[in-house]
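Student: I'd like to learn how to read salt bridges in a model. Could we go through some together?

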Amino acid sequence: MALSGACRDLTILSVTEAGPEGGAHGCYYIELANPGLGSAVAGQFVMVRPACFGQDPVWPRPFSICRLTPEALTLFVQVCGRGTDVLCRLVPGDTVTVWGPLGQGFSLEPDTPTLMLAGGVGLAPFVEYAATHPAPANLDLVFGHRQPLSCYPFAEMAAVVGRAQAFQENTPEDLPRFIELLETKVAEYAGGLIVACGPRPFLMTVARLARRFGARAQVSLENRMACGVGGCLGCVEKNALGQYVQTCTQGPVFWVEELQLSEEA
Amino acid sequence: MSVDTSVRLPGMPVKNPVMTASGTFGYGLEFAPYGDLRSLGGIVVKGLSLAPRLGNPMPRIAETPCGMLNAIGLQNCGVEKFLRDKLPRLPWRETPIIANLYACDADEFAELAGVLSAEEGVAALEVNISCPNVKAGGIAFGQDPCMAGKLAEAVKKRAGDKPVWVKLSPNVTDIVSIARAAVLGGADALTCINTLTGMSVDIRSRKPRLANVIGGLSGPAIKPVALRAVWQVCQAVSAPVIGVGGISSAEDVLEFILVGAHAVQIGTANFMRPDMAFRIAERLPQLMAELGIEDLASYRGSLRVG
Ligand SMILES: Cc1cc2nc3c(=O)[nH]c(=O)nc-3n(C[C@H](O)[C@H](O)[C@H](O)COP(=O)(O)OP(=O)(O)OC[C@H]3O[C@@H](n4cnc5c(N)ncnc54)[C@H](O)[C@@H]3O)c2cc1C
Ligand SMILES: Cc1cc2nc3c(=O)[nH]c(=O)nc-3n(C[C@H](O)[C@H](O)[C@H](O)COP(=O)(O)O)c2cc1C
Ligand code: FES
């Protein structure tokens, strides 16, 4: 039956633990065959709904494009609830419905020194960013994480970008030191470009520092999404004018000065 | 076997009964990349008010078993922007575009109806008297038969030749009394049902999952409630009923038609995949052929009870 539309039923090629300890910490790569999604800008995302969701869970799940080639779409997924748990238990041959690439990606300025700030699973879009950047030597990565470093695609990235640094947050006392590191880095890149993705408190810190140092910075938001295409108004964030804008279509990547970031999402 | 999916609704020819529900299909345009809007029986756009509305604070959606809660609070761009920027880009000559109306009082509802009735591209007005997410107006109209009747009358007076649909709330003791009052007031059709009020809380953060605390429940979880309501209303009134609530397949569509609905709307299922309504519209004639149903008019209301 010929059906309309840009939703594609893709076959799982592999679900693999990210690194030797990845499975124990719920970190996986999911590889989907022949995505047929065309090209994407790093920071864009796809909506994913496995056939086995049936009527529950109802919503698809949004994931950053971690790597997209004509042969495969790779997602980097951290298990944090029902949907991600089901996804990471799928096996080769299973099908998932995927639509995208969706939303606005990160700016890419080949000649501008660029600081990538990633927190945890927020590293995912930067794999694509580094892979598609024409001058990766201009990229500098600071990565904050809780799980062991080997659970993330960090080493591969460190090998291609100009500079890369990881910071593990084990205890609450580590937080002020991490913020200090961010502060030094953001100050250093006030004349460059800063791109950030990670948990909301992390993004709020980045936004605050960018404002303080007058840096040009973009943040990628991970708001709860039901449709991913601008139809439900569930994923909104307040913009600088105080209006609610959809993060799925007008984001997930925004310039920090475009937003009034609040703690809730 | 060739089947006839066309449906007669007051004042508009409808090629098939599969429409989309207000608030779950944006202004239609958002879903255009996922299917041919002209293949749908109708598109009900996001609830419109006279002035743009900001809506409720975040978080305003939460997932629940087989469903979701929303407290969007009728965020919309306002009727003027809709008519100027959105409607002209919709295929209104081929597919009826139904405007869903929200206002704070009867005068404002009537004013909005007046503005929309002048528009060639608007096929019908769907009056939302049942939104659980706004303080003024909203559900208050939908819970009192007298107010529902008066509101239907006020809107009908200003609607010109546009059919008026009144959208009923399930959050009432007796939906039939509201349905009767709306029809007596002049409603040409009834949309049945809006969301059920619900709540979801997080035991760790000890917070409600919605900033508004309470929201509207929708999705497959509410289908039995919607089916019951449509059945009861169809028994009581002769005005056509448009069934909505938890529909996510062509089989579900036929269930609603079997209990008496003329047409249906696909809501939350549009979030499961953005081509859902198109797929259901495409599948329906095949399913009818498989079941030997030649046309919907003869199948409608043919439920065998007792
Ligand atoms: C644009 C975008 C890109 C994303 N990219 C990635 C990615 O590359 N890899 C990855 O692992 N995750 C990513 N996420 C987050 C991912 O979508 C959520 O982890 C996932 O939806 C949670 O589903 P679940 O069923 O496992 O959790 P649920 O059982 O639904 O909920 C478990 C917890 O997760 C929280 N949650 C629910 N939805 C989201 C959400 N959309 N974002 C964040 N937390 C959520 C809930 O509030 C709850 O606390 C992205 C989110 C967005 C919006
Ligand atoms: C996110 C969301 C927004 C909605 N907005 C409106 C609205 O603006 N006007 C309205 O009459 N109904 C609105 N509804 C209700 C739906 O149109 C529909 O009546 C309800 O969701 C039940 O159908 P479903 O279970 O198929 O979703 C909304 C529902 C959802 C989920
Ligand atoms: S997720 Fe539905 S509007 Fe953004």
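Student: Is Asp188(B) buried, partly exposed or exposed?

Tutor: Happy to start there, and keep in mind that this is a predicted model. Asp188(B) has a relative accessible area of 21%, so the residue is partly exposed, as the buried class ends under 20%. Its side chain meets that of Lys156(B) in a salt bridge, with N to O at 2.8 Å. Lys156(B) is partly exposed too, at 27% relative accessibility.

Student: Which parts of chain B does the pair of Lys156(B) and Asp188(B) tie together?

Tutor: Look at where each partner sits. Lys156(B) belongs to helix α4 (residues 145-158), while Asp188(B) is in the loop between α5 (175-185) and β10 (189-192), so the bridge links parts 32 residues apart in sequence.

Student: Where do Arg84(B) and Glu80(B) lie?

Tutor: Both are in helix α1 (residues 79-86) of chain B, four residues apart, or about one turn of the helix.

Student: What does Arg146(A) form with Glu169(A)?

Tutor: A salt bridge, with the closest N and O atoms 3.2 Å apart. Arg146(A) lies in the loop between β9 (139-145) and α3 (154-160), and Glu169(A) in the loop between β10 (163-168) and α4 (174-188), so parts 23 residues apart in sequence are tied together. Check the accessibility as well: Arg146(A) is exposed at 58%, whereas Glu169(A) is buried at 16%.

Student: How many salt bridges does the structure hold over all chains?

Tutor: There are 24.

Notes:
Residues numbered from 1 in each chain as written. Chains lettered and ligands numbered in written order. Predicted model: local features only at pLDDT ≥ 70, side-chain atom pairs only at ≥ 80, totals over all residues. Heavy atoms only, no water. Salt bridge = Lys/Arg side-chain N within 4 Å of Asp/Glu carboxyl O. Helix = DSSP H or I, 4+ residues; strand = E, 2+ residues; numbered from the N terminus. Buried < 20%, exposed > 50% of the residue type's maximum accessible area, 1.4 Å probe, protein only.
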